[in-house]
Amino acid sequence: MSLFKKVTLASSIAIGLSLSASVLAENIAIVGAKIHTVSAAGVIDKGTVLIKDGRIQQIIEGTDLPSGYREVNAKGKVVTPGFIGAATSLGLVEVSSSAGTVDARVESHPISTVGAALDVQYALNNDSTLIPITRIEGFTSAATGLGSTEQLFLGQGAFITLATTYQPVMKARAFMKLSVGNSGADDNGGSRAALWVAINQSFDEAKFAKSYTMDPSQDWLGLTTMSDAKALIPVLDGKMPLVVNADRAADIMQVIALKKRYSGLNIILASGVEAWRVADELAKHNIPVILDPESNLPGAFDQIGATLENAARLQKAGVIVAIGMDTHNIRLATQHAGNAVANGLPHSAGIASLTINVAKMFGMDDQIGSLEPGKVADLVIWSGDPLEVTQTAEQVFIKGEQIDMTSRQTKLLDRYLNRDVKKPVGYTRP
Amino acid sequence: MLNIKLKFGLALAVSVALVAGCSNDKQEEKQKGVTGIDKNPFPSTYQKIESKPIVITNVTILDGIGGKIEAGEILLKDGVIVGVGKSVNAPSESIEIDGQGKWVTPGIIDNHSHLGVYPSPSTRSHSDGNEMTSPVTAEVWAEHSIWPQDPGFQRSLAGGVTSLQILPGSANLFGGRSVTVKNLPNRTIQDMKFPDAPYGIKMACGENPKRVYGAKGGPMTRMGNVAGYRQAWAQADEYRTKWADYTTELEAGGSPKRPTRDLNLDTLAGVLDGDIIVHMHCYRADDMGTMMDVMKEFNYKIGTFHHAVEAYKIADKLAENNVCSAMWADWWGFKMEAYDGIKENIPMVHAANACAIVHSDSDLGIQRLNQEAAKAWADGKRAGIDISQADAWQWLSANPAKSLGIFDKTGSLEAGKNADIVLWSTDPFSTYAQADKVFIDGAMVYDRSNPGSWPVSDFELGQIAEGDAK
């Protein structure tokens, strides 16, 4: 059996490579599930996923598998790639309100005048309880960034794994954030008339900075600080995606004009409440959208056209859509995607909006986002359709490791379900 | 996700039982009593929409009080439910709706909404939910803030919400009176007031009052909060005695000196009289425990703890004291008092035989409360708490109706009750279920299949995407 030989060979190589990493070189076969590969292989009604050295080795139709794997029975279950939080502040906040330092919010500091230099990679707390609470619901990685800076840019975000590790960063400086809607205008002179001139000025300065000696011995009288201008260079070059929050159709058209003005920009639109109205333009300019499909109220005068069909209309026009804008409850992005499906988004696009589409936007699709040989084995066994509110993640694997499906919340549940009524509650130790 | 609305808790208001819209002298006199005080100065002018009888056939029915009927029928006539069962005797002029593959439930009742007081668009000029000028403002009434043109009403109607309680926010210890409405907004707020629904009062525990008033003269601590409630109740008790003495003397033919009227104490005295229902924003188990003692000390009743994120920790005590808990399925962590939220809160409260309610406190959440119940139901089942769907629907209709004092009128599919019902496209415990048709008082007020019939608020007329699928 040639497959078996390949497996053996691969595993001996892997043992050598993985000694420094951890103990995870377990070969696992997840057997018999309906598999959403989110790749050209589509949905396999009954198949088996082979995991080796923390990566997807192969997806097989049926349940016949080579020896040498620990079998995980997933018959009657559904398997997907690990879901990816598209717009979060995971690792940057524990409790948002009146509870001490929140690293997701930055106040003014001399290092930056426009916010571009700010960088969350140094602020991540891998012990945050939000991480296990999120991952046991099927989310294995996330884009994480600042929630507010009261400046022009919202700094540089990171892409992180939700595994237990002191090194959660999969990609530092993974994206730059900017808001050009009402909130962006409010923080920048109270008007888009100031906001957009400042944006143009910042990029012009970054362009200048490319061929300028950027050290403290030089004169620099820009709007940006030197750190800001340096941070914007990879954005100009399209190496760092620019995530732009905008809702109003007119604002989105300005975002498209920005891309024409600085042709290297790799723009991701976020929120995009009225994006459906300019869907064709977005498709034409290859601008994907991260959105909350449940935003259907005119919350402000830049969200008047809100509709539950936003995701469906964008997808139909050929725009790549990701779903998931939250932090404590980013786990509910499955429900959000389900509601997008209820309002016209194809189910396969709903799954893609939580996986491969997010990975593509952040340039992580060579590693994660689908179940294909060679990709990191971030995957989830679900009790059923993951977009159904009554279904759940039964077992999550991150980098091929079967994770402990507990969190602070499951501990609280266990304590109060099994409380010893004869003693103070602290003595019930789940 | 955290908008300003949710930073404040919810409160409900209750009202004195009144005869709506009655103008005959005797009734008016009864209402005012010898003191001449009108206890219902803003009477409901709600009018149900006329409709032919409607019969829905061949449909799965959850009656809202634990019953489930497969391939059943339900008849709505003259605004009320006439029959529910395997078959009903529909008059020949009835409109018949084939319910094949669909489900019927009672209309959803949200006992915690800020629609109208924190409407969309959420501008400062519309933020009318928190009278943050003093920690005790029982004299304010949410109905005087509600903007009936909030497009949120129509959105929640499309989610199957037929009645809701609109509360002041939770900045204050006593936030003011709430009001219960039919989800049929019209030109004035009186046009949507639920006829004969009692008033509620919104109170708030914990972080919000101390955060708002900490630097404005207090309270700045939880102990300051509790002192504030107790002082107010003590004053209300004296006030009530003063008016009782005055009334007694007056009725005996004397000419006592009329006490000065205090609108704040009027409302608080209404609670002590049992006419106004207490809706108390409270997250932590220990805060709720304290409030149940304050309740006993001053001999009033807390109808419902709202949010009650830690209700699961004291579900037995809530059952003992007969206090409902209105909860989210899974919100947590946005402040310290929400840090211990767990997904099994609702089923654990239910399992302890306490009254569990699914509430929204959100203009988005209110549009899919059935999904919130579905999540809680499924999470409970996985934790070994097996509750039938038919029983779980009590969280959405019967229990909130009880908490609002309107269960004699709506909240279940029983003959004689208001015909407030929803026809769902499929099992409403599914993400993919949608409210196909919604009926209030026997009239079809939302029909998903007929976009031309969808109600549109004044605000959205002439704006982008007017009448679009929302």
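Angles under 35 degrees between two axes count as roughly parallel, over 145 as roughly antiparallel, 65 to 115 as roughly perpendicular and the rest as oblique. This is a predicted model, in which local features need pLDDT of at least 70 and side-chain atom pairs count only at pLDDT 80 or more, while totals for chains, interfaces and linings use all residues. Residues are numbered from 1 along each chain as its sequence is written, chains are lettered from A and ligands numbered from 1 in the order in which they are written, and side-chain values use heavy atoms, with hydrogens and water left out.

Select helix 5 (residues 222-251) of chain B together with helix 7 (residues 285-297) of chain B, and the two axes are found to come within 11 Å and to cross at roughly 20°. The axes are lines fitted to C-alpha atoms, for helices over the stretch in contact, with angles that run from 0 to 180 degrees between N-to-C directions; helices (H or I, at least four residues) and strands (E, at least two) are DSSP runs, numbered from the N terminus. Helix 5 of chain B and helix 7 of chain B are therefore roughly parallel to each other.

Next, show the side chains where they meet, in contact (heavy atoms within 4.5 Å): B:Arg222, B:Val226, B:Tyr229, B:Arg230 and B:Trp233 come from helix 5 of chain B, and B:Asp287, B:Thr290, B:Met291, B:Val294 and B:Glu297 from helix 7 of chain B.

**The core around B:Trp233**

Now centre on B:Trp233, which, not counting residues up to four places away in sequence, touches B:Phe174, B:Met203, B:Leu268, B:Val271, B:Leu272, B:Val294, B:Phe298 and B:Tyr300. B:Trp233 is also among the residues that touch the most other members of the largest nonpolar core, which has 96 residues. Such a core is a set of buried Ala, Val, Leu, Ile, Met, Phe, Trp, Tyr and Cys residues joined through side-chain atoms within 4.5 Å, where buried means under 20% relative accessible area, exposed over 50% and partly exposed in between (1.4 Å probe, protein chains only).

**Loops and backbone**

Move to B:Pro219, in the loop between helix 4 (207-213) and helix 5 of chain B, where the peptide bond from B:Gly218 is cis, with omega near 10°. A further cis peptide bond, with omega near -10°, joins B:Ser120 to B:Pro121.

Finally, select A:Val38, in the loop between strand 1 (28-36) and strand 2 (43-52) of chain A; its phi is near 55°, a positive value in a residue other than glycine, and A:Val38 is buried at a relative accessible area of 18%.
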